[in-house]
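Visitor: I am new to this structure and would like to learn how to read its side-chain contacts. Could we go through them one kind at a time?

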Amino acid sequence: MWGLSESSLPRWTRRRPIWLATALTLAVLMACGGGGVGTNGTGSAPQGLSVGTVTGFGSVIVDGARFDDTVANVLIERQPGKLDRAEVKLGQGVEIGFDVDGAGTHQGVARQIQIEPALIGPVGSVGLKTLTLLGQTVQINTDPAFGPVTVFEPPYLALSSVKPADWVEVHAIAVPAVAGGQPSWVATRIEQRVPMASARLHGAVTGVSGVTPNQHFQLGAVTVQLSAPVQLLTPATPLTHGQVVTIFADPAAFDPVRSVLTAQAVRMRDRLASKSPAAVDDYIGGVVSGSDGLNGLFVLDGVIVHWDGATVISGGTASNLLDGTYVRVQGRFDIDGSFQSHVIQLRNVVTEKAAEVRGTVTNWLPGTRQFTVRDVVIDATSPSIVLENFNLALCGATDLSNGQYVVVDGVGMPSGVRAQNIRCENELAVPGAVIERSGVLSRIDTVAQWLELTLSDGSVLHVTWNEHSFFRETSADELLNGKPMQPISVEGTWSGTGASAVLVASKIKLGL
């Protein structure tokens, strides 16, 4: 454990976070139906910020904190300066700009969700429990007691499925160096990607030398070289120790012998002014490093976190705030860029739910006792699993079946979540419940933004969509011009009741 003094803390300038500014640019390019991507038409910054790992869905759950995502714009930057619409998945790293939830049922109402992979690029080597990518070591976690379990997206099923030279997208939590070694990452999600023009690295910088744009610094185990004509995706401000950056580079520009990477583009990230002046708490999740109990501070993802006698430490005591501990902190950013915590929640399977998923049961396989909720695979094979509220009056059955609305509490596994408790609920009694319906497309109007879905019982469901809706592997025009009676599935929330009820889509995807 090492100490930090107040004089060594970086003093970053307050400025609007670049991803919000870029999102505003995207709104001009992608405008449809009014409202900007960056501000959702309000013209103001969101009131709060949450940075962490997706650990479930009810709306979207980040390190145990719940955010209503029904009106959120979801974006990702896989290549420099190119923002794409995306969908939120279990284990992803995210930054959420949110407003206060007037209903008080969530920590906030998300306006923007920026998906933030830690690494994208070609795999160098694969071991029993680690892989390397552009000089960075990535560990695999299989134990929920130590944080989110690494999720593998098919075709990957485990680390053994990953091969050298595969392009992958890695979402991960930064972990501190041990015994003089190099910092590394613990993966929370790994997906296969097609080769891209640029690889991507993300993290907090150390050892900064030189003047922008001719600088070099450490990013984990790699020395990053900035030199003209590097593309600066943010205004040219001096890099400081601990500042978070996103680097884009040609993989061929990595020198494995010297562990040096020459950057093509750099985005200097500033999370410090990413909300309005409203008195709303922010959230940061991650793994503790630089713990200094004497001075009451530690570091999370490059941010100095202060705590004192007034800070509530839930799930443990100050003696538990050691390097490598997985936590979620709640508090406020100070003007110097540090974070004053009000609450520190120790995240483990004893003190909090490791994973939680709420939604409609689909793809139920009685023989294997597996099913899907919100695109998350659920394993219900445990002999000690608890089933609550399963009765004919509420669920239409005393066991699981397709179409039921359930709340699943469990722990992560490589393919999704291993259920420990499953509770059946009436979806109409759950405010803002995200439900799923599948059927065949019978009619569509791309101008008025609605479609009709014929369900398996022959009934017709009216579905609308808006600028926040995500189309997976299709688009409204492709559905309009495609073959008739295409099978599709829709996730969304109910608007209205009875015969006038309409499903407002958050996601429309091909297939049942």
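Visitor: With which side chain does the side chain of R423 make a polar contact?

Guide: Keep in mind throughout that the model is predicted. The side chain of R423 makes a polar contact with the side chain of E425, at 2.9 Å.

Visitor: Where does R423 lie, and is R423 buried or exposed?

Guide: R423 is part of strand 36. The relative accessible area of R423 is 18%, and the cut-off for buried is under 20%, so R423 counts as buried.

Visitor: Which residues does R423 touch, apart from those up to four places away in sequence?

Guide: R423 touches R358, E388, N389, F390, Y405, V406 and V407. Take F390 as an example: R423 and F390 are 33 residues apart in sequence, and their C-alpha atoms are 7.3 Å apart in space.

Visitor: Next, the disulfides. How many does the structure hold?

Guide: The general idea is that a disulfide is a covalent bond between the sulfur atoms of two cysteines. This structure holds 1 disulfide. C395 and C424 form it, with their sulfur atoms 1.7 Å apart.

Visitor: Which parts of the chain does the pair of C395 and C424 tie together?

Guide: C395 lies in helix 2, residues 392-395, and C424 lies in strand 36, residues 416-425, so the pair ties together parts that are 29 residues apart in sequence. Strand 36 is also where R423 lies.

Visitor: Are C395 and C424 buried or exposed?

Guide: C395 counts as buried at 11% relative accessibility, and C424 counts as buried at 1%.

Visitor: Now the aromatic rings. What describes a pair of them?

Guide: A pair of aromatic rings is described by the distance of the centres and the angle of the planes. In this structure the count comes to 6 aromatic pairs. For one of them, F98 and Y283, the ring centres are 6.2 Å apart and the planes stand at 50°, so the pair is tilted.

Visitor: Where in the chain do F98 and Y283 lie?

Guide: F98 lies in strand 6, residues 93-99, and Y283 in strand 23, residues 282-287. The pair therefore ties together parts that are 185 residues apart in sequence. F98 counts as buried at 0% relative accessibility, and Y283 is buried with a relative accessible area of 8%.

Visitor: What kind of aromatic pair do W465 and F471 form?

Guide: W465 and F471 form an edge-to-face pair, with 5.6 Å from centre to centre and 90° between the planes. W465 is buried, its relative accessible area being 6%, and F471 counts as buried at 17%.

Visitor: Which residues do ring pairs link into a cluster?

Guide: F67, F98 and Y283 are linked into a cluster by ring pairs.

Visitor: That leaves the charged side chains. How many salt bridges are there?

Guide: Side chains of opposite charge can pair when their charged atoms come close. Here the count comes to 30 salt bridges. One of them joins K353 and D409, with the closest N and O atoms 3.5 Å apart.

Visitor: Where do K353 and D409 lie?

Guide: K353 is in the loop between strand 29 (339-346) and strand 30 (355-360), while D409 is in strand 35 (residues 405-413), and the pair links parts of the chain 56 residues apart. K353 is partly exposed, with a relative accessible area of 42%, whereas D409 is buried, with 12%.

Visitor: With which residue does K507 form a salt bridge?

Guide: K507 forms a salt bridge with D375, the closest N and O atoms being 3.0 Å apart. K507 is in strand 42 (residues 502-510), and D375 is in the loop between strand 32 (370-373) and strand 33 (376-379), 132 residues apart. K507 counts as buried at 9% relative accessibility, and D375 is partly exposed, with a relative accessible area of 33%.

Visitor: Which side chain meets that of K509 in a salt bridge?

Guide: The side chain of E436 does, at 3.4 Å from N to O. K509 is in strand 42 and E436 in strand 37 (residues 435-445), and the two are 73 residues apart. K509 is buried with a relative accessible area of 5%, and E436 counts as buried at 9%.

Visitor: Which residues do salt bridges that share partners join into one network?

Guide: The network consists of D69, E87, R374, D375, E436, R472, E491, K507 and K509.

Methods. Residues numbered from 1 in each chain as written. Predicted model: local features only at pLDDT ≥ 70, side-chain atom pairs only at ≥ 80, totals over all residues. Heavy atoms only, no water. Phe/Tyr/Trp six-rings, centres within 6.5 Å; stacked < 30°, edge-to-face > 60°. Helix = DSSP H or I, 4+ residues; strand = E, 2+ residues; numbered from the N terminus. Buried < 20%, exposed > 50% of the residue type's maximum accessible area, 1.4 Å probe, protein only. Disulfide = S-S within 2.5 Å. Salt bridge = Lys/Arg side-chain N within 4 Å of Asp/Glu carboxyl O. Contact = heavy atoms within 4.5 Å. Polar contact = N/O pair within 3.5 Å; in protein donor to acceptor, adjacent residues only side chain to side chain.
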